[in-house]
Amino acid sequence: MLIAGFPAAWGTNCYVVAPASGEECIVVDPGHEATEGVEHLLSEHRLKPVAVVLTHGHMDHVASVVPVCGAHGVPAWLHPRDRYMLTDPEKALGFSIGARLLGELAIGEPDDVKELTDGTTLHLAGLDLSVSHTPGHTKGSVIFTLPESEQIPQVAFTGDTLFAGAVGRTDMPGGDTEELAESLNRVCLPLDDSTVVLPGHGPRTTIGRERATNPYFSKNTARLPRRTM
């Protein structure tokens with residue numbers, strides 16, 4: 001298994017995932033100014049992308065989806081509750097980001113957008129990527145998980161639902177503290193302690209580490225903040 005990543009603009013983690021070097025791959029969350037980094041990883045590992053998958057629709061996670069999909073003729077997968085964010089990023093944020101920044105973004109939908117469904121498994125690039133709908137940070141947030149194999153433990157791409165030592169903010173449009181708590185309880189808490197967490201921002205962690213140390217990773221809804229990262 002090959003998983004490589006880098007922080008794009010605003011510290012958003014972008015990942016490429018493949019069974020091995022020289023094979024097909026998927027791209028996870030190509031955010032603002034991520035195109036060059038994606039192309040570097042594809043060239044370095046001789047990878048051919050077959051899809052882009054998005055943990056949610058905020059612009060710091062999707063701003064390069066149009067150029068990446070367009071360059072390789074691949075679809076983007078996104079939960080339907082967040083699809084409007086591709087064409088109206090300011091509505092998703094609840095404030096104006098300014099004409100200058102908007103002019104730098106490739107706003108719009110790729111030619112092929114496919115909608116994610118809770119509880120399904122995507123069979124892409126020889127990978128089995130399970131989809132769990134985790135509203136709370138946004139209405140269409142999802143977590144992708146890869147099953148344990150001989151080479152690696154289970155892996156969870158948690159987007160902005162769960163970070164090392166923190167959870168996603170809930171004070172923007174579509175955010176909901178109680179929904180986030182329910183998502184953590186339903187999707188994250190049952191995962192094995194060895195599960196590797198690859199979040200949308202910050203360092204990797206494990207479910208076991210978060211269970212032991214994350215002050216928000218609890219069944220106690222009242223401990224979830226109105227605003228974190």
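User: Why is Cys-25 called buried?

Analyst: In this predicted model, Cys-25 has 0% relative accessibility. Buried means under 20%, so Cys-25 counts as buried. Cys-188 also has 0% relative accessibility and is therefore classed as buried.

User: What makes the rings of Tyr-15 and Phe-157 an edge-to-face pair?

Analyst: A search of the whole structure finds 1 aromatic pair. The ring centres of Tyr-15 and Phe-157 are 5.4 Å apart, and the limit for a pair is 6.5 Å. Their planes stand at 65°, and angles over 60 degrees count as edge-to-face, so that is the name the pair receives.

User: Why is this pair said to tie together parts 142 residues apart in sequence?

Analyst: Tyr-15 lies in strand E2 (residues 13-18) and Phe-157 in strand E10 (residues 155-159), so the pair links parts separated by 142 residues. Tyr-15 is buried, with a relative accessible area of 9%, and Phe-157 is buried with 1%.

User: Why are the buried residues of H3 placed on the same side of the helix?

Analyst: In helix H3 (residues 65-72), Val-65, Val-68 and Cys-69 are buried. They cover an arc of only 95° around the axis, which means that they share one side of H3. The face turned away from that side carries the exposed residues Gly-70 and Ala-71. The cover over the buried residues includes helix H1 (35-45), E4, H2 and strand E5 (76-78). After H3 comes Gly-73, with a positive phi near 60°.

User: How do H1 and H3 pack, and what makes the contact?

Analyst: The axes of H1 and H3 are 9 Å apart and meet at an angle of about 35°. H1 contributes Thr-35, Val-38, Glu-39 and Leu-42, while H3 contributes Pro-67, Val-68 and His-72. By class, the contact has 4 nonpolar, 2 polar and 1 charged residues.

User: Why does Ser-64 count as buried, and where is Ser-64 placed?

Analyst: Ser-64 is in the loop between H2 and H3. Its relative accessibility is 3%, against a cut-off of 20%, so Ser-64 is buried. Apart from neighbours within four places in sequence, Ser-64 is in contact with Pro-30, Gly-31, His-32, Glu-33, Ala-34 and Thr-35.

User: What makes His-58 a buried residue?

Analyst: His-58 has 2% relative accessibility, and under 20% means buried. His-58 lies in the loop between strand E4 (48-53) and helix H2 (59-62). Beyond its neighbours within four places in sequence, its contacts are Met-85, Ala-92, Leu-93, His-137, Thr-138 and Met-172.

User: Why is Pro-110 called buried, and what is it in contact with?

Analyst: The value for Pro-110 is 8% relative accessibility, under the 20% limit, so Pro-110 is buried. Pro-110 is found in the loop between helix H5 (99-104) and strand E6 (113-115). Leaving aside neighbours within four places in sequence, Pro-110 is in contact with Val-65, Val-66, Cys-69, Ala-76 and Leu-86. Pro-110 and Leu-86 are 24 residues apart in sequence, with their C-alpha atoms 9.0 Å apart.

Note on methods. Residues numbered from 1 in each chain as written. Predicted model: local features only at pLDDT ≥ 70, side-chain atom pairs only at ≥ 80, totals over all residues. Heavy atoms only, no water. Helix = DSSP H or I, 4+ residues; strand = E, 2+ residues; numbered from the N terminus. Buried < 20%, exposed > 50% of the residue type's maximum accessible area, 1.4 Å probe, protein only. Contact = heavy atoms within 4.5 Å. Arc of directions from axis to C-beta. Axes fitted to C-alpha atoms, helices over the stretch in contact; angles between N-to-C directions. Nonpolar A, V, L, I, M, F, W, Y, C, P; charged D, E, K, R; others polar. Phe/Tyr/Trp six-rings, centres within 6.5 Å; stacked < 30°, edge-to-face > 60°.
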